[in-house]
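Here is a short report on one protein chain. Look at the structure first, then read on.

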Amino acid sequence: MSVTIEPTWHEQLASEFDKPYFQNLIQFVKSEYKSHRCYPPGKQIFSAFDHTPFPDVKVVVIGQDPYHGPGQANGLCFSVADGIPQPPSLQNIFAELKTDLGIEIPQSGNLERWASQGVLLLNATLTVRAHSAGSHQNKGWESFTDTVIEKLSSEREGLVFLLWGGYAKRKGAKVNGSKHKVLASGHPSPLSANRGYWFGNKHFSKTNEYLKEIGKTPIIW
């Protein structure tokens, strides 16, 4: 079965698509979307890749699951579609951004503007059943996204990996820290943020400082 994904990513990941785990994953996802309401919409499952081609990646943000409420997920981690209220984690991301760089909190929680500048907003699991968090975990997506991270770590250099929370830290544990900048902190969810593990991490300014140091254009957050 062919997978419709941005061409430069298809080239990097082509060997995955024929593996038994991925074939089983595709059948599972097809069945779920046929028999249940699932998110994001089918055409947006690979949005993170479509918005941020492999050679254009500058920054990698690792999330866990898509949002599972109506109209929220748009294929980019932490991002919601235009017109959708911002979930608490995203509110805290924007709050830290304001404290760090003085950027006013935007009306829209759609992070496509980041993705188009080279911020790969990668969830570990790319699909979910409505109102059922974690329902598509351990079906193969994690193996696929591990490969994505491994490819970026080995084939590219000078990337910034933002690891927010324990899950992301484990997911990004094999990133080559001598070739890339790895920034880790608590998760922006209220539980972690309110305990002091998120606010004040200054990841947005630190990212841009590093990008400038190595001669890359900083992100307009």
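## A buried ring pair

F49 is buried, at a relative accessible area of 0%. Buried means under 20% relative accessible area, exposed means over 50%, and partly exposed lies in between, with a 1.4 Å probe and protein chains only. F144 is buried too, also with a relative accessible area of 0%.

This is a predicted model, in which local features need pLDDT of at least 70, side-chain atom pairs count only at pLDDT 80 or more, and totals for chains, interfaces and linings use all residues. Residues are numbered from 1 along each chain as its sequence is written, and side-chain values use heavy atoms, without hydrogens and water.

## Aromatic pairs

How many aromatic pairs does a search of the whole structure find? The count is 19. Rings of Phe, Tyr and Trp (its six-membered ring) pair if their centres lie within 6.5 Å; planes under 30 degrees apart are stacked, over 60 edge-to-face, and the rest tilted.

Helices (H or I, at least four residues) and strands (E, at least two) are DSSP runs, numbered from the N terminus.

W114 and W221 have ring centres 4.8 Å apart and planes at 85°, so this pair is edge-to-face. It also joins distant parts of the chain, with W114 in helix α5 (residues 112–115) and W221 in the segment after α9 (203–213), 107 residues apart. Both W114 and W221 are buried. One aromatic cluster includes W9, F17, F49, W141 and F144.

Which residues of helix α1 (residues 7–17) are buried? They are W9, Q12, L13, E16 and F17. They lie on the same side of α1 because they cover an arc of only 150° around the axis. The arc is that of the directions from the helix axis to the C-beta atoms.

On the other side of α1, P7 and E11 are exposed. The cover over the buried residues of α1 includes α2 (20–35), α3, β3 (119–123) and α6.

## Cysteines without a bond

The whole structure has zero disulfides. A disulfide is a pair of cysteine sulfur atoms within 2.5 Å.

C38 is buried, with a relative accessible area of 9%. C77 is buried as well, at 0% relative accessibility.

Methods. Contact means heavy atoms within 4.5 Å.
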